[in-house]
Amino acid sequence: MVSQTPDLSKREADVIVIGGGLHGMSSAFHLARRGKRVIVLEADYCGRHASGVNAGGVRTLGRDLAEIPLSLASRDIWHELGELLGDDADFTPSGQLLVAENEKDIVTINKRVALLESHGFTHEKIIDGKTAHELVPTISPHVCGGIWVKDDGHALPYRAVTAFRLAAQRMGVAVHETTPAQRLDWRDGRWHVTTPRGTFSAEHVVNNAGAWAGEFAAQVGDPVPLEIGGLMLMITYRLPAFVKPVLGAAGRPLSFKQFANGTVLIGGGLRCPVDVIGRHGEVDFIRLASSAQTVTDLFPHLRELPVNRAWAGVEAFMPDNIPVIGPSLSSPNIVHAFGFSAHGFELGPIVGRIVSELVCDGTTAHPIAPFSAGRFRPVTATEAGAAVPVPFSIPTGVPR
């Protein structure tokens, strides 16, 4: 049995991880595997916000070009998660399907796959309407094609956070919940992190603070234009199995999956207001209704299916919808990993490994240059003349 009450007298470590979500616990786990003494400081409880209340999509489908190498590497870890952690977080390799509902959608998905193939990526496959209906026989007849990724799937978010946490704790990681980091100070070659429960110190700090990571980035000299927003989901009552893959839609917001127990989870990047001080999202049922309409258009037999409950999480959004991953540009021994903009769940396993490499080795072989916090600073005249890659806008309803 792993102790859930860490010794508060032990306030020094090699690394302090701020944030006990999936990325924080993955970072702690991978750091501990490298032999580091790790303290995790979590303001609420682990998995309370975006990491524990998202749709659980394990998705390489529809990623920004910059994210694809990381998402493919992370998916490999998901397929081996049970061996790595002793718990597979109910990862189900169901495949993910982005459906096309009209000719405009067909043009969109063809452009998308052609772009990926021009960069050497072949994991997204165009399928015709016949194949889409073979994959999902119950879907509406008007669906005329889609993009299929067979090795994608889904997992249970809170269980994934817990699996990484327990594995980390078995290796000695100390997890302090209800212990919000407040201030970071660098002195005498160490970081000192002030909390309401005293000051903790370490040589390195990892900023995995999610929606609140911008505060710590600014403290260490890396201000970024992070926006805090809410995301909503709803789940239905149980019904007989009718769909296996995770579904999205090319022309409108949708994230849709049926669990083994028969319940159906419905989302799609649906934004809602946030109480930043209270640290919670506020469900907007009018916006949820639009997502429900998409579902009933695709599956008319669900029109009378009642919704069991709805909830909202708090997420960090970046202007370009890709995260900040990498070392601080202004302060020593700081690594950032935040701002996943509603699609960070799948990346959790590989980002933790990257963080451990940056802390332990000072570098990583994974391509993280596009995720530098420096991309938001003013561009100099010299830099303005350089070629800058333009992120590809993913189709509207890629599953989250």
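This is a predicted model: local features need pLDDT of at least 70, side-chain atom pairs count only at pLDDT 80 or more; totals for chains, interfaces and linings use all residues.

Started with Arg-252: I find it partly exposed, with a relative accessible area of 21%. (My cut-offs: buried is under 20% relative accessible area, exposed is over 50%, and partly exposed is in between, with a 1.4 Å probe and protein chains only.) Its partner is Glu-101, and the two side chains meet in a salt bridge at 2.7 Å, N to O. A salt bridge here means a side-chain nitrogen of Lys or Arg within 4 Å of a carboxyl oxygen of Asp or Glu. Glu-101 is in the loop between strand 4 (96-100) and helix 5 (103-118), while Arg-252 is in the loop between strand 13 (246-249) and strand 14 (255-258), so the pair ties together parts 151 residues apart in sequence. Glu-101 itself is buried, at 12% relative accessible area.

Residues are numbered from 1 along each chain as its sequence is written, and side-chain values use heavy atoms, with hydrogens and water left out.

Helices and strands, for the record, are DSSP runs numbered from the N terminus (helices: H or I, at least four residues; strands: E, at least two).

Next pair: Arg-165 and Glu-177 form a salt bridge, with their closest N and O atoms 3.0 Å apart. Buried or partly exposed, I wondered about Arg-165? Arg-165 is buried at 7%, whereas Glu-177 is partly exposed at 22%.

Arg-271 is in strand 15 (residues 264-272) and Glu-227 in strand 12 (residues 227-236), so they tie together parts 44 residues apart in sequence. Both are partly exposed: Arg-271 at 29%, Glu-227 at 44%.

I also found a network: salt bridges with shared partners join Arg-63, Glu-67 and Glu-346. How many salt bridges does the rule give? The count comes to 18.

Last stop, helix 10 (residues 348-361). I see that 11 of its 14 residues are buried, including Gly-348, Pro-349 and Glu-357. Just after helix 10, Gly-362 takes a positive phi of about 80 degrees.
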